[in-house]
Amino acid sequence: MHSGAMGNKITTLFCDLGGVLLTNGWDTASRKEAAKLFGYDFDKAESRHRLLFGDYEIGAISLDTYLHYVIFDKTRSFTPQQYKDFMYSKSKPLKGMLEFIRDLRKKYGLKIVVVSNEGRDLTEYRIKTFSLKDYVDIFIVSCFIGIKKPDKRIFEIAIDVAQVHPENVIYLEDRELFVEIATTLGIRAVHHVDLASTSTLVEAMLSSQS
């Protein structure tokens, strides 16, 4: 187990997807924008969203099932496909971040592992649309494994699949709670705020061991 790890040398970069490499897949601002655009009651839909979205993120229900109960519980003037197209359109790359991890991967020979809470349809769309397989070696995503952050098992699975020790890992995460949880496992977690501060911190960690 964890073969190939050497001392405390950093060999692997874990990173969140939404909020680090790309915009969040389906956040509150996007849901409010959808309610305004499509003309439905945001508060009612939001109460249903809160009950169901966690199940969608761990792969327990499909996107169609989620939308059926949250949005299409009554006849609408728009179609599920129109709504999905809007959902997908909210995914954008965060400026410079994909290039940043690409350059780290090339310069330091790092293994890149996404550790993310995402639903399957959104994840597959984002991987394909932004050619994420060109940047990322392994995808540990809640919809694929049935576990989501803050459950620390998602990090333990990522460690096992990547075959590293926690001390060989840097983790980029935009949510402080998840940073704290990763840190309890011995992972060097960085609270990602922007490219400039993250690149300074990560380069300092990596250059100090070369």
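Student: What radius of gyration would a compact globule with 210 residues have, and what does the protein chain have?

Tutor: The globule would come out near 17 Å and the protein chain has 18 Å, so the two agree. Here the radius is taken over C-alpha atoms, and the globule rule is 2.2 Å times the number of residues to the power 0.38. Keep in mind that this is a predicted model, where local features need pLDDT of at least 70 and side-chain atom pairs count only at pLDDT 80 or more, while totals for chains, interfaces and linings use all residues. Numbering runs from 1 along each chain as its sequence is written, and side-chain values use heavy atoms, with hydrogens and water left out.

Student: What does the C-alpha trace span along its principal axes?

Tutor: About 60 × 30 × 25 Å for the protein chain. Of its 210 residues, 47% count as buried (under 20% relative accessible area; exposed is over 50%, partly exposed in between, with a 1.4 Å probe and protein chains only).

Student: And what share of the contacts joins residues 24 or more positions apart?

Tutor: Among contacts with a separation of 6 or more, such pairs account for 71%; contact means heavy atoms within 4.5 Å.

Student: How do I look for empty space inside?

Tutor: Rolling a probe the size of a water molecule over the atoms shows where empty space is left. In this structure, the search finds 1 cavity of 30 Å³ or more, and the largest cavity has a volume of about 60 Å³. A cavity is a set of points on a 1 Å grid over the protein atoms alone where a 1.4 Å probe fits but cannot get out, and lining residues have an atom within 4 Å of a point. Points are joined across faces, edges and corners, and the volume is the space filled by probe spheres set on them.

Student: Which helices each supply at least two residues of that lining?

Tutor: Helix 1 (28–38), helix 2 (42–57) and helix 3 (63–70) do; helices are DSSP runs of H or I, at least four residues, numbered from the N terminus. Helix 2 gives the largest share, 4 residues. The lining includes Trp26, Arg31, Glu46, His49 and Tyr83.

Student: Is Val161 buried, exposed or partly exposed?

Tutor: At 46% relative accessibility, Val161 counts as partly exposed. Val161 sits in helix 8 (residues 153–162). Setting aside neighbours within four places in sequence, Val161 contacts Ile138 and Ile140. Val113 is 48 residues from Val161 in sequence, with 9.5 Å between their C-alpha atoms.

Terms used
1 Å grid on protein atoms, 1.4 Å probe; cavity = no way out; pocket = protein on both sides within 12 Å on 5 of 7 lines; lining within 4 Å.
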